[in-house]
Amino acid sequence: MIEYYRAHVADYDFPSQARWEELMVRKNRFKDEAAAYAEIAEMGNNVWQTGTQKPVRGAAFAEIAKKKSDGFTAKDGGVRDWTTKGALQCKAMDEALFTLQVGQMSTIIDSGPAFHIIRVLERKDAGRKAFTDVQADIRDRLKEKRYQKEAVKYLTKLRSDARIWTVFTGNVSAEVLLGRKPEDTQQR
């Protein structure tokens, strides 16, 4: 099993990941970009001010996101699930996710159609799953590989030993019958 793990070590690598929350303002909701920018700035300031008054971490961010954010997860308080490094289209947001300290709010990020403020909730660095964590999976894979090998061996033996007689081909082995093309058959 250790040999298999070492031979397939790349299969057990995982990229950096971050779980985060977001405030978003779509620019097309406002008459100009400056108004959208002012709205996201106000949301960020509200989070900052409310956060200093409420000691519960993240509560202010979730409240503001539910009330004012245009993000896809606004109703859930702006919380986004685990995202891998390089998965986001907006490179500025992707870079912020993996450079900000956990718990730190970003500056306003322009993604093109919207403005964002994000905060990283958790981060997992890239790494490799330990052998002990994937040992059962490797055992199952090796067992399945042995089963498949034995099944092919058994079916090959059955085909070579089986004798098949038909009115068209006479008494032949299964391998010969399977290897023949329709135009090769002789009628008897």
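Where in the protein is confidence lowest, and where is it highest? The lowest mean, 66, belongs to helix α6 (residues 174–179), and the highest, 93, to strand β4 (residues 109–110). The confidence here is pLDDT, the predictor's value for each residue, from 0 to 100. Helices (H or I, at least four residues) and strands (E, at least two) are DSSP runs, numbered from the N terminus. Over residues 181–188 the pLDDT is below 50, and this stretch has nine contacts in the model beyond near neighbours in sequence. A contact means heavy atoms within 4.5 Å. Where pLDDT is low, the predicted coordinates should not be read in detail. For the protein, the mean pLDDT is 83, with 84% of residues at 70 or more.

Now the conventions. This is a predicted model, so local features need pLDDT of at least 70 and side-chain atom pairs count only at pLDDT 80 or more, while totals for chains, interfaces and linings use all residues. Residues are numbered from 1 along each chain as its sequence is written, and side-chain values use heavy atoms, with hydrogens and water left out.

On the overall fold, the protein has six helices and eight strands. Their order along the sequence is α-β-β-α-α-β-α-β-β-β-α-β-β-α. Of the contacts with a separation of 6 or more, 58% are between residues 24 or more positions apart. Of the 188 residues, 31% are buried, meaning under 20% relative accessible area with a 1.4 Å probe, protein chains only.

Next, strand β2 (residues 17–26). Why call strand β2 largely enclosed by the rest of the structure? Because seven of its 10 residues are buried. Strand β2 is joined to strand β3 (residues 79–84) by four bridges, and the two run antiparallel. Strands count as paired if DSSP finds at least two bridges between them. Within that pairing, Glu21 stands opposite Val79. On β5, the count is 10 bridges to β2, again antiparallel. There, Leu23 has Ile117 as its bridge partner.

That brings me to Ile117, which lies in strand β5 (residues 114–124). Ile117 is buried, at a relative accessible area of 3%. Leaving out residues up to four places away in sequence, Ile117 touches several residues, including Glu21, Glu22 and Leu23, as well as Ile40, Phe61 and Met105. Glu21 is 96 residues from Ile117 along the chain, yet their C-alpha atoms are separated by 8.5 Å.

That is the end of the talk.

How values were computed
Buried < 20%, exposed > 50% of the residue type's maximum accessible area, 1.4 Å probe, protein only.
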